[in-house]
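Let's walk through this structure together, one region at a time. Have the sequence and the 3D view at hand as we go.

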Amino acid sequence: MSFSARDIWHEFSHSKIGMTGIVILGTLFLMSIIAFVTIPVDNFKTWNDPASWLLYPKSAQPAWINYFQSEKIPEHLILQPQSSSQQLDSVYVLTDSFVVNYQYDGFPSDFIYKYTSRYSGSPLLQISVTRPDGIELQLISTSLPFSNSETTYTSMIFSTQNVIVKNLSNDKTGYLFSFDTLSSEKIVFSKLTENKILKGNYVFRIHLYDISGKPVLVKSNLILGGKVYGMMGTDELRRDLSIGLLWGTPLALFIGITVSIGSVILGLLYGVYAGFKGKVTDEALMRFNDIIYAMPALPLLIILAVTIGNSIFLMVGFLVIFGWVGIAKVSRSMAMQIKTLQYVEASKLMGQKDYKIIFKHILPQLLPYAFASIAISVPAAITTEAGLSFLGLGDPTFPTWGQILHDASSYSAAARGMWWWILPPGILIAVTGLAFVFMGQAMDVIINPRLRR
Amino acid sequence: MGFKKFLAKRAITMFGVLMATLLVTIALVGANMDSISKQSVSLEIRQQVTNNKSLLASFKTTEQLDSYVENQIQQRIKSLGLDQPWYSPQRIGLSMYKILTLDFGHAKFLTSDSGSSDVKDIILEKLPRTILLFTTATAIVSVLGIFLGAVAASKVNSKIDKITSGFAIISSSFPVWWIGVLMIFVFAFLYPIFPARATPEISVTDPGYWGSLLYHMALPLITLVLIGFGSWAYLVRNFLVGILQEDFIMAKRAAGIDEKRILYSHALKNAAPPIVTILALSLSGSLGGAIITEAVFDWPGMGRLYFEAISVLDLPVIIGATYVLTAFFLASVFVADVLYGYFDPRVRRE
């Protein structure tokens, strides 16, 4: 019944499903690392803050669905600028240009320019666009509020502002149709002959003129509104689902692994102690074990979450309370077997202390079993947490997969056909569970040779 | 140890578990319960006083009125025993006794379909529906699973064996409720075959009610079966594979008994104890899991009742439902124990 770590690894690396599990787990860890590196912690804390998602589209499908469609749905684009600055006599000119190759079969729903500028005096902001056919249109020209000292100013310019359409109609550029009732994005992106989309390269230029000092655009984004966005799309609250899903990965792994390690350690120590001590201690400990074992876990978990609290750490604790029981039962019976082995009895006769016998002679024998149980009990922890979150009892500060599904069901995503909101979280939950099930199975075969036949 | 002693010991443990669960539940909701009942007492008294015009007229100043009301409230609280904290032995004893005799009191917000706010009525109305859905599902799943498991076990490492095992592992990794959401998405909205909400719209008294209920039951039933039968088949297969390697089966084979007969009558009979145990346990387990599944399908059973009670914090209903769920759970664990002991005499003689 004894294995060295090397033997186990040797057998494990030859097991196909075991390696599949490892590969999936590796991918999930990679996703967690990507989440930590690319998305600042502050960013995911704003998950539930609607104000931080204003630039994003509402209920947008993932962008890649355009590959499967003949008619390309306009993508929601958040453009980054190329900056340049120059000085003409005493006037400082700062230019941010946004280049976009617009190849979609529909007009953008709107465009928004959002900026934060640091300046003193009263700079002039001008927006113009150069179309694929070479025509340059002046969109707006406005001055920022005057300030004596250096100040920072944040504002947005919307395509719906009347002044833009007015400027466009002043610009007798040769459109062959009337502008009445059209909004500005339908003019800017239209062919001259008829009101249809003109595909090609558009360059939006933002000029900031100032005489009193060099103005700086701290933040500058041009948003072209569309109906598809990013890898995973967005939800009803404009949140980018790829961020939520990515952050859900380390959270699910954290919950699953902490709960299973906690339960296994607790169950192992409890079971081994009961089995080793025997007699009255064993009887009492096992009756208590029976009581916890027979308690209905989910109803009690719900009551605990409602009455005590639903922080993610408390949740881990609650799950451990119901997780250790089965492991304690098995490790007790294993400890009872090992206890009767001669070397254990010998060390007992030599006057070894109890805890030394347990830690030196019994626990190491149970390690393979412990690792297999850790792997096997992870999926249950993850799905239980997801289930609680799905009922709306999860920690609201963290975007777990269950939480995303809870939001999906409370905005009745299924009824509205928003498959991109429902499918990915569930698949991720299942795939994460599978990784551990595979590894557990592979280890189970190694430590229980009877299953091999 | 005799079978009777074994049974008695199990029964005592089960009763202990029931009490412990109740105690934990009361301990968790007790503090909230106290403040809620105190509030309702003071509300009641204030209403009585304001409705009683002649009494109201006899007070000259508002202070007098206030002190009178305060006095009345204190008296009522004392007479109800609310002056002692919920953890005082008397109060716990009283509440435990009441719950044991199925006196759960009245719900604060929820009512049964017929309008009664007695928790017992509400539970009695919801319980049959949960049992209907989940017992049907478990029955279908177990029959399918045993059959498929037997087929897989008879042809170890064949294609059908591998497909069964693979399906079992994959299907058990998906949360049932997520598959439920998907099923609603596909079969209620994409292809509107089944209704999305499992609650029938017609009233209980209508003769077509049960037919409608069965139609509404289809989607949750299909989901439960789809998710359940794979792991059943896998378990049965594993038991059978173990048994088929025993010596007595070899002996039967050597005696020339038909392979099918060995499988279905001899091997399956020996696999019966664990299978029966799992049957009983999965029945009770499904009652607990019903909370999320019923919330997804809007099935008007115990699970949804429990969820609704939690979301409005209707404490009498929570306590009553926890008690009933626990009692059912323990009853099936007990039945499983008894059956196991009956089928496998070694357990009794341990």
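This is a predicted model: local features need pLDDT of at least 70, side-chain atom pairs count only at pLDDT 80 or more; totals for chains, interfaces and linings use all residues.

Helices here are DSSP runs of H or I with at least four residues, strands are runs of E with at least two, and both are numbered from the N terminus. H9(B) covers residues 247–254, and the count of buried residues among its 8 residues is 0, so this helix is hardly covered.

Residues are numbered from 1 along each chain as its sequence is written, and chains are lettered from A and ligands numbered from 1 in the order in which they are written.

Staying with chain B, look at helix H8 (residues 209–244), which holds B:His216. B:His216 is buried because 23 other C-beta atoms lie within 10 Å. The C-alpha atom of B:His216 is separated by 8.5 Å from that of B:Trp299, although the two are 83 residues apart along the chain.

Now turn to chain A, which is divided into domain 1 (5–42 + 240–452) and domain 2 (77–224); these bounds come from an automatic or database domain assignment. The C-alpha centres of the two domains of chain A lie 55 Å apart.

Next comes a sheet in chain A. Five strands form an open sheet in the order S2-S3-S8-S5-S6, with antiparallel pairing; two strands pair if DSSP finds at least two bridges between them. Its edge strands are S2 (82–88) and S6 of chain A, each pairing on one side only. On average, neighbouring strands of the sheet are turned by 20 degrees against each other, direction ignored. For such angles, axes are lines fitted to C-alpha atoms (for helices over the stretch in contact), and values run from 0 to 180 degrees between N-to-C directions.

Let's zoom in on one pair from this sheet. Strand S5 (residues 124–130) and strand S6 (residues 136–143) of chain A pair in the antiparallel sense over 7 bridges. Together S5(A) and S6(A) make a hairpin with 5 residues between them, and A:Gly134 in the turn has a positive phi of about 90 degrees. Across the pair, A:Ile127 has A:Ile140 as its bridge partner in S6(A), and A:Thr130 stands opposite A:Glu136 in S6(A).

A:Leu124 also lies in strand S5 of chain A. It counts as partly exposed because it has 16 C-beta neighbours inside 10 Å. Not counting residues up to four places away in sequence, A:Leu124 touches A:Ser141, A:Ser143 and A:Tyr209; contact means C-beta atoms, placed from the backbone, within 7 Å.

Two residues in loops of chain A deserve a look at their backbone angles. Most residues other than glycine have a negative phi. A:Ser59, however, has a positive phi near 45 degrees, and lies in the loop between helix H3 (41–45) and strand S1 (77–79) of chain A. A:Arg238 likewise has a positive phi, of about 70 degrees, without being a glycine; its place is in the loop between strand S9 (216–224) and H6 of chain A.

What about the interior? The largest nonpolar core has 160 residues, of which A:Leu301, A:Ile422, B:Ile318 and B:Ala321 touch the most other members. Such a core is a set of buried Ala, Val, Leu, Ile, Met, Phe, Trp, Tyr and Cys residues joined through C-beta atoms within 7 Å. Helix H6 (residues 241–277) of chain A supplies the largest share of this core, 17 residues. A second, separate core of 26 residues includes A:Phe111, A:Ile140, A:Phe204 and A:Leu224.

Finally, the two chains meet: 35 residues of chain A are in contact with 40 residues of chain B. On the side of chain A that touches chain B, the largest share, 9 residues, comes from H8(A).

How values were computed:
A residue is buried if 20 or more other C-beta atoms lie within 10 Å of its own, exposed if 12 or fewer, and partly exposed in between; C-beta atoms are placed from the backbone.
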